[in-house]
Amino acid sequence: MSEPYWLEEPAPPLPRVALKAEPDACVVGGGVTGCACALRLAEAGLRVRLYEARRVASGASGRNGGFALRGGAMSYDRAREQLGAERARSLWMLTERALDRMEELAGDAFRRSGSLKLAVDADEGVELEAERDALRADGFRVEWRDAPLPRFAAGIFHPRDGTLQPARWVRRLALRAVEAGVEIREHERVGSLADLDAEQVVVATDGYTGGLLPSLERVVRPTRGQVLVTEPLPLRLFAYPHYARRGYDYWQQTDDLRLVIGGRRDVSVELEYTAEEGTTRAVQDAIEAMVRELLGYAPRVTHRWSGLWGSTPDGLPIAGRLDGDPRVWVAYGYSGHGNVLGLACGELVADAILGRPAPALALFDPARPLKVEARDVLV
């Protein structure tokens, strides 16, 4: 039961493309970020080779809960405090544009359903009120829900969010990249960036970086998220993605009425900061308890899996040119929000390589977490 439900969907092998000359750019990582970056570069006329250690979408891009949410790891009101109102609004607008781009490219792998963020108690309800007020003040659509489900005090509904079949989406993105001329080498692990002979190299591996970027791996922690899937339920109970307890619990129903549910990482937080895939009894038992709380009974579990993402100290991704090596670019560290931010950052980095950097890229400066780390050490 360790194979993700999403990756079981049949998919034809990607067509093979062989570059006729050395690549202009090499991309490491066959998830949403790498495929989006490779596609953008190839459409601009560059020769691009993409490396994936397993199969396209086999990392976090095929192992998540299938949520497509605007924003980032922090709530909007916290983002305004942390970044300032103008930069926070810029970040949220970037992700709303990325959702529009996803809708354009993903076909039936994406559905614009909205999402519901829930409060389990009065304290979390106060937090949701603050986020709602901040979003409305800056012109973003959001709806308040009183006691939307049993056991939940309140909720805010984000109408522009969506639900994904994430593996289908990324495979579709990869196919577009191949059709644009990208050579994709699956089952080929890159052991060192020095092995890649290209003018530009993009590392797009999120929690699976595995020694390629030692300077950044001091501050980007691989983090494990665990998920399970049940047999189809008799009825549709959840029409859109739900998440609660500040993101520690999340669930949705698939088209065939299965419950996809994950989280409860906080039962053993430090153990879940790991680069090892695999499920644990403690977290899986806690997720099963959540299923019983939601449904009142325990349906049969058909799939269990885990995936890794990269967590940064401030919750923002790292994207841009790496200091000290002008040919190396990075796009990773999504702190659990890589489905949308991964698409956005992959395209932002590609545009910068093409000589048309967008102002939004400055939010994700790769030197940022190292500066934060140095300041913390001095303090």
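Residues are numbered from 1 along each chain as its sequence is written, and side-chain values use heavy atoms, with hydrogens and water left out. Because the model is predicted, local features need pLDDT of at least 70 and side-chain atom pairs count only at pLDDT 80 or more, while totals for chains, interfaces and linings use all residues.

Q: How many aromatic pairs are there?
A: Rings of Phe, Tyr and Trp (its six-membered ring) pair if their centres lie within 6.5 Å; planes under 30 degrees apart count as stacked, over 60 as edge-to-face and the rest as tilted. Ring pairs link, for example, F67, Y243 and Y250 into a cluster. By this rule the number of aromatic pairs is 8.

Q: What is the geometry of the pair formed by Y76 and F140?
A: A pair of aromatic rings is described by the distance of the centres and the angle of the planes. For Y76 and F140 the centres are 5.4 Å apart and the planes are at 75°. The pair is therefore edge-to-face.

Q: How many residues apart in sequence are the parts that Y76 and F140 tie together?
A: Helices (H or I, at least four residues) and strands (E, at least two) are DSSP runs, numbered from the N terminus. Y76 belongs to helix α2 (residues 76–83), whereas F140 is in the loop between α4 (122–137) and β6 (143–146). The pair therefore ties together parts whose separation in residues is 64.

Q: Is F140 buried or exposed?
A: Buried means under 20% relative accessible area, exposed over 50%, and partly exposed in between (1.4 Å probe, protein chains only). F140 has 6% relative accessibility, so F140 counts as buried.

Q: Which ring does the charged end of R145 sit over?
A: A charge sits over a ring if NZ of Lys or CZ of Arg is within 6 Å of the ring centre and within 35 degrees of the ring normal. The charged end of R145 is 4.4 Å from the centre of such a ring, that of F157.

Q: Why is strand β17 largely enclosed by the rest of the structure?
A: In a regular strand the side chains alternate between the two faces of the sheet. In β17, V328, V330 and Y332 on one side are buried, as are W329 and A331 on the other. Strand β17 (residues 328–332) is largely enclosed because its buried residues number 5 of the 5.

Q: In which sense do β16 and β17 pair, parallel or antiparallel?
A: Two strands pair if DSSP finds at least two bridges between them. R321 stands opposite W329 in β17, and β16 and β17 form a hairpin with 6 residues between them. Strand β16 (residues 318–321) and β17 have 4 bridges, and their sense is antiparallel.

Q: How many salt bridges are there?
A: A salt bridge is a side-chain nitrogen of Lys or Arg within 4 Å of a carboxyl oxygen of Asp or Glu. One of them joins D100 and R112 at 2.7 Å, N to O. By this rule the number of salt bridges is 37.

Q: Which residue forms a salt bridge with R172?
A: The closest N and O atoms of this pair are 2.9 Å apart. R172 lies in helix α5 (residues 166–179), and its partner is in the loop between α3 and β4.
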